[in-house]
Amino acid sequence: MTTTIFFQQLTNGISLGSLYALVAIGYTMVYGILRLINFAHGDLLMVAAYTAIYAVTMFTLPWYLSFPLAIALTGCIGILLDRVAYKPLRDAPRISLLISAIGASFLLENLALVIIGGVPKGFPRPDIFAKVIEILGVRIQVLTIYIPLMTLVFLMALLYIVYRTKVGKAMRAASKDIETTRLMGINVDRIIALTFLMGSSLAAAGGIMWAMKYPQVNPFMGVIPGLKAFIAAVLGGIGNIIGAVVGGFALGLGEILLVAFFPQLAQYRDAFAFVILILVLLFRPTGIMGEPITDKT
Amino acid sequence: MTWKGKDMDTSKRNLYCNLAALCLLALVLYLFDRHGTEYQIRILNNMAVFITLAVSYNLVNGMCGLLHLGPNAFITIGAYTSALLTMSPMEKQMSFIIEPLIWPFSVLQAPFFVSLIAGGVMATIFAFLISFPVFRVRGDYLAIVTLGFGEVIRVLCNALQGVTNGPLGLKGLQPYTNLWWSWGVAVFTVLVITKLVNSSFGRAMKAIREDEIAAKAMGVDPFRHLLLAFLVSAFFSGVAGGLMAHLITTISPTLFTFFLTFNLLIIIVVGGLGSTTGAVIGAALFAWGGEALRVVESPMDLGVFTIPGIPGMRMVLFSVILMVVILFARRGIMGRNEFSWDWLFSKLGLNAK
Amino acid sequence: MNDFFRLESLVMQFGGLTAVNDFSISIEPGELVGLIGPNGAGKTTVFNMITGFLTPTSGRVLWQGEDITGLPVHQITARGIARTFQNIRLFTDMTVLENVMVSFHHKIRSRFWKAMLGMPSHGREEQRIREEAYGFLQELNLAHLADEKAGSLAYGQQRRLEIARALATYPKLLLLDEPAAGMNPQETMELAGLVREIRKRHGLTIFLIEHDMKFVMGLCERIKVLDYGISIAEGTPEEIQTNPDVIKAYLGEPKHA
């Protein structure tokens, strides 16, 4: 492999990793508070991508309006998801909550299939993201650079909210102990809604960038990235935002470099993440950055 | 019923009732076998296969209270193993055009019954291999690991062309699965799993479901019993996979995606998680309802104009049903109750005492 | 020193926090020993280390001449140490009889396939378990509730069912974690009688945690006091009641009850 190709793959890995990271943050935040794998989280990528497509093609909005609109709308759908599918089950056994999440995921996918149809749609990628530039002799699509940059911006904003604002403090408290937080007079339902809003918005941003990178949008496009992002979150230690980002990058880079170095393994790429997951759970069930769980009696 | 168990009369009565019910089932199957339409026979076959799948899936999810999301993996393994064994070496040589089939599958051929057992055994072996990472965790993690295992098997099915023929799949299998095979397996599965659930082993599983810490303190080894449920479940899923393969006669990786698991989950949730009776009812409803609902996906001719079929509509309905049940009627049809003759007779007011 | 049951300088640390420090005790067969101390003193942690829920940071649990430190919980139960839980942990959706029957499982001789195929030998074993389990229910005055769901029982009945379930594992050493918690004085008195009775009938050794001083002082032959993870006193009820360290630990309330 030449250095040029290596650098190309490296930037590819970084941008794929940023996408996993963006989606993983949503998983980790929701898991932190509700102890629930939000199975429908990955499908929000699809929702955001379709919303952006329709905003651009049907309502002929410029991309700099339609993308934020799609992100905002998807954030609201995230809140709705919680209200409809999870909130009624707060006191139910965990298994019910998880089944509801799986149901919600299938519902979103198949609603999209019924309403829009299964034929993949192209994504109207704005020209400014399609340009190809040359850095040190390596030809790179600007999108590959924008994706990590945008991720960084979103991440900074998120970290600011979580660690520097009052609301963020409440969120962190809720993820430590939701009952005590409630007793402190904090409106936990609002905190949960906010968590869903933020997580879903990040997933939406990830979805739009995903659709620009791989411009084939179909009702099931969110399933595999969703699962992998969840694995990234586990990898980093679930409930830990920085861990989710680290896990996302590790997974994205790992996948791309695996295929780059061992092209004959390309067809196993989708299994790679799960093998990693199994290894992590075998040897360090709390993830790279997670704290050990103590067994309460 | 008193603690001493049923007295001799009732247990004899129950035995006769069971025999009578089996004879009735046999008669019904015989009549359909002779006079039923192809459509009816297909539904009945599907029903039996789904009963086998749902009852064995429920053993893990309902009785042990785990959320195992990978039964599709075991069904796949059973289906491929069984199919590879019933195909003649000739057929296999002709099917595997991209890469030849690896030894020993290339030369082996076995009767249908043996192939079903082999499918079950192979699924059990895989279940055993995966059990160590699976049972190190619980809850959501267990769900995602088992789901991941299903995905890994799907990827392997596409990639390992020397074993599975890749995306092309296996075609032209003999349609061995008839009503007798499918219902024979279903009845056997229900009987055996019911016996297990009602035994000391089943009680240990339920105790783990109710409170794993207390179960341990009472001397129950969680790993051994969860493993037992997992392996038994995988075995019957594998056998059902073999039945499925020889019912549809064409198998490929797309047949065994997470969709299949999702369907099984709907069945056991609607039937009532933790009830074998519920799993049977759920499976029967699903096999029948699934066919009946095909209407919504096929074009409808209203005389004046035609409504085009809407693909995906069935799955929308199924997802809605699942969510409505879990949100508003969490116990499903049966809750954790089981059908019993005692219950039926007391309902009918026929109990002597 | 004896070979029956001995804890040797058990230490349990969680992160930087030392929950139990250098805890040792030796219990003779047939003794009834109490473990008392203020809330958060580490009493339940001691029980969790004995029963295998926690592996001590250092120290040993010796049981009938064997070092059982760090063995899995179910194996410790199988060796004859049973416990009840402070916060009742019944199998709520199973019947009262089934709750007790679970405790027999670790001794079952049938293999699982015999159960699946409905072999007569397994059926006979089931029947025997059922009858013996019923015997324990009769002993604890719960027989009339055998077919009720455990979750539907009244509080005091649930406490008794916990004891029945522990007894059904046929222990030699029984650990009771606050058996009288939440009971009224009348029930507490009955419980004391019950504990004496089961000890006599089953030849048990009992180690119990309790907050109710009257209960402990009236029942136990020897008492160990734990405060902030450290053992501060050991002796007969009379000695404990007059021990200045104990009085200090209980904020100057020597005659607590």
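Biologist: Where is R35(A) found?
Modeller: R35(A) sits in the loop between α1 (3-34) and α2 (43-57) of chain A. Keep in mind that this is a predicted model.

Biologist: What is phi for R35(A)?
Modeller: Near 55°. That is a positive value in a residue other than glycine.

Biologist: Staying in chain A, what do β2(A) and β3(A) form?
Modeller: A hairpin, with two residues between the strands. L136(A) is in the turn and has a positive phi of about 50°. Strand β2 covers residues 132-135 of chain A, and strand β3 covers residues 138-141.

Biologist: How many bridges join them, and do they run parallel or antiparallel?
Modeller: Four bridges join β2 and β3 of chain A, and the strands run antiparallel. As one bridge pair, take E134(A), whose partner in β3(A) is R139(A).

Biologist: Switching to the A and B contact. How many residues of each chain are in contact?
Modeller: 34 residues of chain B touch 35 residues of chain A.

Biologist: Which elements of chain B give two or more residues to that side?
Modeller: These are α6 (139-159), α12 (258-271) and α14 (313-328) of chain B. α6(B) gives the most, with 12 residues.

Biologist: How do the residues on the chain B side divide by class?
Modeller: There are 24 nonpolar, six polar and four charged residues on the side of chain B that touches chain A.

Biologist: Now chain B itself. How many helices and strands are there?
Modeller: Chain B has 15 helices and two strands. Its C-alpha atoms fill a box of roughly 70 × 60 × 40 Å along the principal axes.

Biologist: What radius of gyration does chain B have, against that of a compact globule?
Modeller: Chain B has 21 Å. A compact globule with 353 residues would be near 20 Å, so the two agree.

Biologist: What share of chain B is buried?
Modeller: Buried residues make up 50% of its 353 residues. As for contacts in chain B with a separation of 6 or more, 81% are between residues 24 or more positions apart.

Biologist: On to chain C. Which domains is it divided into?
Modeller: Domain 1 takes 5-90 + 170-249, and domain 2 takes 93-152. Four residues from domain 1 of chain C and four residues from domain 2 of chain C make the contact. On the domain 1 side, two are nonpolar, two are polar and none is charged. The C-alpha centres of the two domains of chain C lie 28 Å apart.

Biologist: What is the strand order in the open sheet of chain C?
Modeller: The order is β2-β1-β4-β5, four strands with antiparallel pairing. β2 (17-27) and β5 (66-67) of chain C stand at the edges. Each has a single partner strand, so one side of each is left without a neighbour in the sheet.

Biologist: How many bridges pair β1 with β2(C)?
Modeller: Seven, in the antiparallel sense, with β1 of chain C spanning residues 5-14. Q13(C) stands opposite T18(C) in β2(C).

Biologist: And strand β8 of chain C, why is it largely enclosed?
Modeller: Because five of the five residues of β8 (205-209) of chain C are buried. T205(C), F207(C) and I209(C) are buried on one side of β8(C), and I206(C) and L208(C) on the other.

Biologist: What do β7(C), helix α7 and β8(C) make?
Modeller: A right-handed β-α-β unit, with α7 at residues 185-202 of chain C.

Biologist: Last one, Y228(C). Where does it lie?
Modeller: Y228(C) is in the loop between β9 (222-227) and β10 (230-235) of chain C. Y228(C) has a positive phi of about 50° although it is not a glycine. With 15 other C-beta atoms within 10 Å, Y228(C) is partly exposed.

Technical notes. Residues numbered from 1 in each chain as written. Chains lettered and ligands numbered in written order. Predicted model: local features only at pLDDT ≥ 70, side-chain atom pairs only at ≥ 80, totals over all residues. Rg over C-alpha atoms; globule rule 2.2 N^0.38 Å. Buried ≥ 20, exposed ≤ 12 C-beta atoms within 10 Å, placed from the backbone. Contact = placed C-beta atoms within 7 Å. Domains from an automatic or database assignment. Nonpolar A, V, L, I, M, F, W, Y, C, P; charged D, E, K, R; others polar. Pairing = 2+ DSSP bridges. Right-handed = clockwise from strand over helix to strand, strands pointing away.
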